[in-house]
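This briefing covers side-chain packing in the model shown below.

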Amino acid sequence: MIESVLIRNHASLRVKITVKALVSAGIVVLAVLLPQLVHLAAGASGGVAWLPMYLPVLLGGCLLGWQWGLGVGILSPVISFAVTALAGNPMPAAGRLPYMMAELAVFAVVSGLFSAKIMQNGWMAFPAVLLAQVAGRLFFLLLAAVFQGVSSLSAAAVWSQICTGLLGMVLQTVVVPFLVMGVRLLLREKK
């Protein structure tokens, strides 16, 4: 979506990179802070139930497209881990970090593939988010099944996490598209 606006406004490559980098940085910051707020409000289990890091990553994919979204999807859990490890309580846990990086990368790429279509039709944000969630969660389950012999995560444990996070996923399936459509309206008004 943002790419469409930058192209429409004949932005230079330098401006495009600057705008996308700033938006990406803001989304990564949100992806680090939102889980902290959820953990404060809902306790340690709140992250597994509400999946707060997923919301900004889905938003990033829809707004930035798949390439910049991929960066947001990979960097969000890495930066969260680094920042929270300094405080002595790394989130996500080290054993979960590679899985979360892969899962969120899929979330961002799939939702990002819809970015231009969303700019044309805001309702496309719904299939973008839903397909990204399904693809990301299935990829997470597949990775756990493939690596369960050498990892602390089994496919059964991942399936349990997926079931626990269903309410959070449903909420994001509604909230993220409406946020994206709101941003779309703001971007379309600035012609």
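Rings of Phe, Tyr and Trp (its six-membered ring) pair if their centres lie within 6.5 Å; planes under 30 degrees apart count as stacked, over 60 as edge-to-face and the rest as tilted. The model is predicted: local features need pLDDT of at least 70, side-chain atom pairs count only at pLDDT 80 or more, and totals for chains, interfaces and linings use all residues. Residues are numbered from 1 along each chain as its sequence is written, and side-chain values use heavy atoms, with hydrogens and water left out.

**Aromatic pairs**

- The ring rule gives five aromatic pairs.
- Tyr 99 and Phe 140 form a tilted pair, because their ring centres are 6.0 Å apart and their planes stand at 55°.
- This pair joins distant parts of the chain, with Tyr 99 in helix H6 and Phe 140 in helix H8, 41 residues apart. Helices here are DSSP runs (H or I, at least four residues), numbered from the N terminus.
- Tyr 99 is buried at a relative accessible area of 8%, and Phe 140 is buried at 0%. Buried means under 20% relative accessible area, exposed over 50%, and partly exposed in between (1.4 Å probe, protein chains only).
- Phe 126 and Phe 178 form an edge-to-face pair, because their ring centres are 5.3 Å apart and their planes stand at 85°.
- Phe 126 in helix H8 and Phe 178 in helix H10 are 52 residues apart.
- Phe 178 is partly exposed, with 44% relative accessibility.

**Nonpolar cores**

- A nonpolar core is a set of buried Ala, Val, Leu, Ile, Met, Phe, Trp, Tyr and Cys residues joined through side-chain atoms within 4.5 Å.
- The largest nonpolar core has 37 residues, of which Met 1, Tyr 54, Leu 104, Phe 107, Ile 118 and Val 180 touch the most other members.
- Several helices each supply at least two residues of this core, including H2 (13-42), H6 (97-112) and H10 (166-189).
- Helix H4 gives the largest share of this core, eight residues.
- Another core, of eight residues, lies apart from it and includes Ala 102, Leu 143, Leu 153 and Val 158.
- Leaving aside neighbours within four places in sequence, Tyr 54 contacts residues including Arg 96, Glu 103, Arg 137 and Gln 172. Contact means heavy atoms within 4.5 Å.

**Ser 80**

- Ser 80 sits in helix H5 (residues 66-86) and is buried, with a relative accessible area of 1%.
- Not counting residues up to four places away in sequence, Ser 80 touches Val 32, Met 53, Met 91 and Pro 92.
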